Amino acid sequence: MKQYTMAQAHSHNDYERATPFYAAASLHFGSIEADVHLKNGVLYVAHDEKDIQPFRTFDAMYLQPVLRQFALYGKPYSDNSPLQLLIDLKTEGPATLQALQALLKPYRQYFDRAANPSAVKLVISGNLPPQAQWEQYDRIFYFDGRPDSTYPASLKDRVAMISVSFGDYSKWSGKGAMTPEDLSKVTAVIDKVHQKGYPFRFWGAPSVKTCYYKLMDLGADWIGTDYPTDLYDVMQNTKRTTAGNLPTHNVYTPTYASDATSVKSKNVILLIGDGTGLAQQFAGYTANKGALNLFMMKQLGLSKTQSTDNYHTDSAAGGTALSSGNKTHNGVIGLDNTYVAAPLIPELLAPKGIRSGVIVTEEITGATPASFYGHTRSRDSVYTLAHQLLQSKLQLAVGGGKEQLDHDLKDSLSKSGVAIYDNLDNWPVDQKGRTLVILSDKVVTSMRDGRGAYLKQALQKALQQLSKGNGFFLMVEGSRIDNGGHFNDLDYLVREMLDFDEAIGEALKFADKDKQTTVIVTADHETSGLALMDGDISQGWLRGHFATNDHTGIPVMVFAYGPNSQLFRGVYENNEIFKKILSCYGK
């Protein structure tokens, strides 16, 4: 698909805006349309003659604003973006164009593109003078052609574009999809015009985002709108709201031999996709061309994520609900909503000889991992959390933040008695004592910036280390899916989702081999209100729209596999997951 910029944006019937010219110009629209009537020697701007008002002249509404732009920048826009005025002649063509030519004569330098490439391009549409008369008019004027017309070589450079009514080819409202017949007709006329070597524009196409995207997909050169800010959002963010051609991975097919049995679980693996709602998961499914390890899991539930002080939780309160069974206030880690320390899963399991670990793709002092070892009123108390990590009941912690921990724990690290490693390769999995694998932030970066197979490899090694004992609890977080939502960057988000799904596959393989391991996949909350607008599963591409760059209150999915996975069916509060996990162990 060709790359679109605001240079291809057309403000249809611009004069109907609350602030004509300036609403579109403030967004650097490449084309602005004015319907012009000649009445009593004056050029008025209006859709119909009945709408003419004395103060709404072409001079006041469009010529003077253009001159102001040049006075400010010496060109139409400060960044040198192009601008054209599409002037739709509503009254008799020759007379109206002659009046326009006379009006512009003193200002010709601002419209003479032959002398100044930054000049405003004037394109005449509507009641055009006969083609044979075009050469009579100043060469600052270009013309809006029609697909069935033929233009001699001498006039080809005067034809700025070919335009046609969308309604002549389709009755599509912009909702859903065009019928195959309409799509064929729309595609054919665009291709026909391009074969003749002209840019193409529809007028009267639905002014909705779905239509903007479709016309872009089909290669229309100008995208018109009655709602400039909506088209601006599409043009500016298309690169960030489209994902495709991403690396895919094979999906593991579970045996289901131990699934939903009532055998006591020896191990529990809790995988948390930070900020991951169903839309994020299905985005990964689409990009992976119709397959996810996650979607091989048959036991499904729905978790309500509200915190005690907000409709939407953050990772601190969400993580604490999962780790302690207590809903609490946003920003709080390991405390209930009265700020009393709550026992965490690792703290409850340690006396039973069950070891616990966490693996994350962010700093180890981030809100979600900290919820499984820390107790503090503020998730931002990094120094406090770092010290609590050393003193915690975790047997294994793997994540980023080496630079911060080296700074905050200078003396404590060497005296802690904890085995500390700074990369996956030198981490021996035969460790029996407490282990920290704390990597540089440059290693635990985003997938797009080269993190590679870190999460999958870390999980494999953690399972080797923790499985040598009386059982384990392991929390694995796909931390940066949340970042993709906050950034409103679909490509970033999907890459992280696919990486997280590979880790899910490893957990399922282990569960089948072990037969005593329960795997749970959920999220602490949803981020961004992602809507999936279009895509092609067979091709692995998709397009989305983000409602916000913040968290939302949308419930999140819970998937479970292995012994006692049936406990996770239904709709419940997020803190119920804590109780269900303990039930897996028979607690």
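Student: Starting with the rings, how many aromatic pairs does a search of the whole structure find?

Tutor: In this predicted model, a search of the whole structure finds 17 aromatic pairs. One of them joins Phe 21 and Tyr 22, whose ring centres are 5.3 Å apart and whose planes stand at 90°, so this pair is edge-to-face.

Student: Are those two residues buried or exposed?

Tutor: Phe 21 is buried, with a relative accessible area of 0%, whereas Tyr 22 is partly exposed, at 37%. Phe 21 also forms an edge-to-face aromatic pair with Tyr 62, with 6.3 Å from centre to centre and 80° between the planes. That pair links distant parts of the chain, 41 residues apart, since Phe 21 sits in the loop between strand E1 (9-11) and helix H1 (22-25) while Tyr 62 belongs to helix H2 (residues 58-73).

Student: And which residues form one aromatic cluster there?

Tutor: The cluster consists of Phe 21, Tyr 22, Phe 58 and Tyr 62. Within it, Phe 21 and Tyr 62 are both buried.

Student: Zooming out now, how many helices and strands are in the protein?

Tutor: The protein has 17 helices and 24 strands. Its radius of gyration is 31 Å, well over the 25 Å that the globule rule gives for 587 residues, so the protein is more spread out than a compact globule. Along the principal axes, the C-alpha trace spans about 95 × 50 × 40 Å.

Student: What share of the residues is buried, then?

Tutor: Buried residues make up 57% of the 587 residues. Among contacts with a separation of 6 or more, 69% come from residues 24 or more positions apart. The protein exposes about 23,300 Å², of which carbon and sulfur atoms supply 50%.

Student: What about charge, how far apart are the mean positions of the positive and negative charges?

Tutor: They are 4 Å apart, taking the 58 positive and 62 negative charges of the protein.

Student: Let's pick a helix. Which residues are buried in H5?

Tutor: In helix H5 (residues 209-218), the buried residues are Lys 209, Cys 211, Tyr 212, Tyr 213, Leu 215 and Met 216. Their cover includes strands E8 (200-203), E9 (223-225), E20 (531-536) and E21 (541-545), together with helix H6 (228-237). Just after H5, Gly 219 takes a positive phi of about 90°.

Student: And what covers the buried residues of H6?

Tutor: The cover includes E1, H5 and E9. The buried residues of H6 are Pro 228, Leu 231, Val 234, Met 235 and Asn 237. As background, an α-helix has 3.6 residues a turn, so residues three or four places apart point the same way.

Student: You mentioned a positive phi on a glycine; which residue other than glycine has a phi near 65°?

Tutor: That is Tyr 256, whose phi is near 65°. Tyr 256 lies in the loop between strand E10 (242-243) and strand E11 (267-273), and with a relative accessible area of 23% this residue is partly exposed. For context, most residues other than glycine have a negative phi. His 28 is not a glycine either, and its phi is positive at about 60°. His 28 lies in the loop between H1 and strand E2 (31-39) and is partly exposed, with a relative accessible area of 23%.

Student: Changing topic to the strands, where is Leu 439 found?

Tutor: Leu 439 is found in strand E16 (residues 435-439), and Leu 439 is buried, with a relative accessible area of 3%. Leaving aside neighbours within four places in sequence, the residues in contact with Leu 439 include Val 398, Lys 402, Asp 422, Leu 424, Val 444 and Tyr 454.

Student: Last one, what does Ile 577 touch?

Tutor: Not counting residues up to four places away in sequence, Ile 577 touches Ser 303, Leu 322, Thr 522, Val 558, Phe 568 and Tyr 572. Ile 577 is found in helix H17 (residues 576-584) and is buried, with a relative accessible area of 0%. From C-alpha to C-alpha, Ile 577 and Tyr 142 are 67 Å apart in space, and they are 435 residues apart in sequence.

How values were computed: Residues numbered from 1 in each chain as written. Predicted model: local features only at pLDDT ≥ 70, side-chain atom pairs only at ≥ 80, totals over all residues. Heavy atoms only, no water. Helix = DSSP H or I, 4+ residues; strand = E, 2+ residues; numbered from the N terminus. Rg over C-alpha atoms; globule rule 2.2 N^0.38 Å. Buried < 20%, exposed > 50% of the residue type's maximum accessible area, 1.4 Å probe, protein only. Contact = heavy atoms within 4.5 Å. Areas by Shrake-Rupley, 256 points an atom, 1.4 Å probe, with all protein chains shown as cover. Lys, Arg positive; Asp, Glu negative; His and termini not counted. Charge placed at Lys NZ, Arg CZ, Asp CG, Glu CD. Phe/Tyr/Trp six-rings, centres within 6.5 Å; stacked < 30°, edge-to-face > 60°.
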